[in-house]
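Good morning, and thank you for coming.

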Amino acid sequence: MIVRAVVVFALLFTALCVGAATVSAAQGPSRAKRESKAKEADGSGGGDWVLPLLIGAGAGFGIAEVVRRRRRSGEGVNEQQLSPEALQDIKVADPDLAKVIETKPAVPVDSLPEEITRDVQKEIEAAPTPEAAVEVAKRFIRDADVAEVVANLILWPTRTTNDESQYQASFKRFIKKRGYAGQLKEWPRIPWGGGGATRVAIPDFVLRKRVLVELKADLTASGETDRAMGQMLRYLLAFKDKGPAVLAICGTVTPEFRLLVHMYINTWRRVVNLPVTVYFKQGSSELKEEEFEMPAEPDRCVSATD
């Protein structure tokens, strides 16, 4: 599409150059006019159009070539995968993991955005009804199930000071009221990578057997953050052939942490082809009460690999 536009631009440029040369010749002395008419009469034609045509064609070709090379370079970045050497190392060390990495994802990565931005959040929040909020979300998210989940995450009322287990209990209660009762699986055990019982991922929720939702909070230290992101990577690998995923970071987040999460998400999507989007949920300092009990989250580290 871009190359076509450049070619059209080159043709227009040529036409303008020809037009300018014609006008210039028309405004010249009367002798030049007579000579030009004489040339036309004897069939030899004028040569004033040749130079502009060559300039326009050369400019069009040069610009088209630059655009083509930049597009190819950009495609290389967007479609970057593990190098053959790195993949071979993984195959030798863990053939089952290598198979997971090479597995085609259940949905295209571009069916959901890398992040739910603040502008998108504001448009969804401004919708007059929850149903309308879902429709707004679908304008930005191609996957309809993910759009519905994201709309509910945005409409879900939270405080900024809750811990992770409180967020989990609150979201569970809220999402059941929003039509997911009987369609929500909490802490599902997902064997993956050929490990059987020794390699099991246990994310927070799977909605309608298709969308994985993981809530993270209280990530104030680098060690906690790295551990949480390592957990999330294993969940995504286990769920890659089943459906998309949403990572909701709840509570106050520093700019450095947002940058770190973006680096993880971008790498997962671009290099490992994992369909995941991230949403930073700020919460409200004005919300005083929430209707849920505060259960303690059980230990979900069922093996050394989880």
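Helix α6 passes helix α7 in a right-handed crossing, meaning that the near helix is turned clockwise from the far one by less than a right angle. The model is predicted: local features need pLDDT of at least 70, side-chain atom pairs count only at pLDDT 80 or more, and totals for chains, interfaces and linings use all residues. Residues are numbered from 1 along each chain as its sequence is written, and side-chain values use heavy atoms, leaving out hydrogens and water.

Helices here are DSSP runs of H or I with at least four residues, and strands are runs of E with at least two, numbered from the N terminus. The protein chain has eleven helices and seven strands.

How do α6 and α7 lie relative to each other? The axes of α6 (residues 118-125) and α7 (residues 130-140) come within 8 Å and cross at roughly 150°; axes are lines fitted to C-alpha atoms over the stretch in contact, with angles from 0 to 180 degrees between N-to-C directions. The two helices are therefore roughly antiparallel, a term for angles over 145 degrees. Contact, meaning heavy atoms within 4.5 Å, involves Val-120, Glu-123 and Ile-124 of α6 and, from α7, Ala-133, Val-136, Ala-137, Arg-139 and Phe-140.

Turning to burial, 39% of the 306 residues of the protein chain are buried, that is, under 20% relative accessible area with a 1.4 Å probe, protein chains only. In helix α5 (residues 95-102), the buried residues are Ala-98, Val-100 and Ile-101. These pack against α4 (84-93) and α10 (222-239).

Terms used: Buried < 20%, exposed > 50% of the residue type's maximum accessible area, 1.4 Å probe, protein only. Parallel < 35°, antiparallel > 145°, perpendicular 65-115°, else oblique.
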